[in-house]
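Here is a short walk through one protein chain. Keep the sequence and the 3D view side by side as you read.

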Amino acid sequence: MSLKIQTKKVAAVAANLSTSSLMNMNSIETVTTTMKPCWSCKGPVGLSALFCSTCSAVQGPARVTHFERLGVEYSFDVDVSALDQLYFDLQRQLHPDRFANCTPKEKALSQQQATALNDAYEILKDPLRRADYMVHVQGIDVLPEGCNLVQDQSILIEAMEMRERLETVEALADLNVIAKESKAAIEKVIGQLSTVFRDDDVEAACKLTTRLKYLHKMMGEVRHVRARLMS
Ligand SMILES: [Zn+2]
């Protein structure tokens, strides 16, 4: 499934959709690709729209990608501060105070929508979770079980060596060196992920995501070892 092609194809259709705040802040490509009927007035509503443009009824979360839900372009290179802005703007529109006088159904829908937005935000703002999600979304046909499927020998060896170093480290200064190296490796992998996602190389992205998972795990273990050395 190529979302890029899908979104480009529907750009013309999307241009005719109701203008939500999302549309003003982002390119046409990011707007929902199809319409659904409003549960209240049955009028057409964009899949990612929070409210019906006809009757203003709050809408429940539709099955869209996390990118579509938040109204950002489908890309690994997410501008996190722009994402923050979009997310908080959307959540403000769903604040429970605004639904104090609404029906139980509208209250429930607004809460479901808020939860879905929160899930999407938590995944997209974190490079590892974002990469994992994108590999999953793009690789449905290629790699049904996601990144854990990759048995890359070099990744396993690196992880084993790292673990050995962590098990034998005794001085805080040495641990700091390991931490610094891991941090640098994480930054490097994130840079590489950006490139391979731009090239639509899902397999390479899958390997890099697996490596990033290991590196994150290592950073967690570094924290444990630090606590042990300092106690
Ligand atoms: Zn409506």
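Begin with confidence, since this is a predicted model. Among the elements of the protein chain, helix α2, residues 11–15, has the lowest mean pLDDT, at 32. Helix α6 has the highest, at 97. Look next at the start of the chain. Over residues 1–32 the pLDDT is below 50. That stretch still has 50 contacts in the model beyond near neighbours in sequence.

Now take the overall layout. The protein chain holds 10 helices and two strands. Read from the N terminus, the order of elements is α-α-α-β-β-α-α-α-α-α-α-α. The protein chain has 231 residues, and buried ones make up 29% of them. Contacts can also be sorted by distance along the sequence. Of those with a separation of 6 or more, 57% join residues 24 or more positions apart.

Next, find a pair of helices. Helix α5 covers residues 80–93, and helix α6 covers residues 104–125. Their axes come within 11 Å. They cross at roughly 170 degrees. How do α5 and α6 run, parallel or antiparallel? An angle over 145 degrees counts as roughly antiparallel, and α5 and α6 are therefore roughly antiparallel to each other. On the α5 side, the contact is made by Val80, Leu83, Tyr87, Leu90 and Gln91. On the α6 side, Ala114, Leu117, Tyr121, Leu124 and Lys125 take part. By class, this contact of α5 with α6 has eight nonpolar residues, one polar and one charged.

Finally, turn to two loops. Ser56 sits in the loop between β2 (44–46) and α4 (66–70). Ser56 is not a glycine, yet its phi is positive, at about 70 degrees. Is Ser56 buried or exposed? Ser56 counts as exposed, because it has 10 C-beta neighbours inside 10 Å, and the cut-off for exposed is 12 or fewer.

Where is Asp200 found? The place is the loop between α9 (172–198) and α10 (202–230). Asp200 has a positive phi near 60 degrees, and it too is a residue other than glycine. Asp200 has 11 C-beta neighbours inside 10 Å, so it counts as exposed.

How values were computed: Residues numbered from 1 in each chain as written. Predicted model: local features only at pLDDT ≥ 70, side-chain atom pairs only at ≥ 80, totals over all residues. Axes fitted to C-alpha atoms, helices over the stretch in contact; angles between N-to-C directions. Helix = DSSP H or I, 4+ residues; strand = E, 2+ residues; numbered from the N terminus. Parallel < 35°, antiparallel > 145°, perpendicular 65-115°, else oblique. Contact = placed C-beta atoms within 7 Å. Nonpolar A, V, L, I, M, F, W, Y, C, P; charged D, E, K, R; others polar. Buried ≥ 20, exposed ≤ 12 C-beta atoms within 10 Å, placed from the backbone. pLDDT = per-residue confidence, 0-100.
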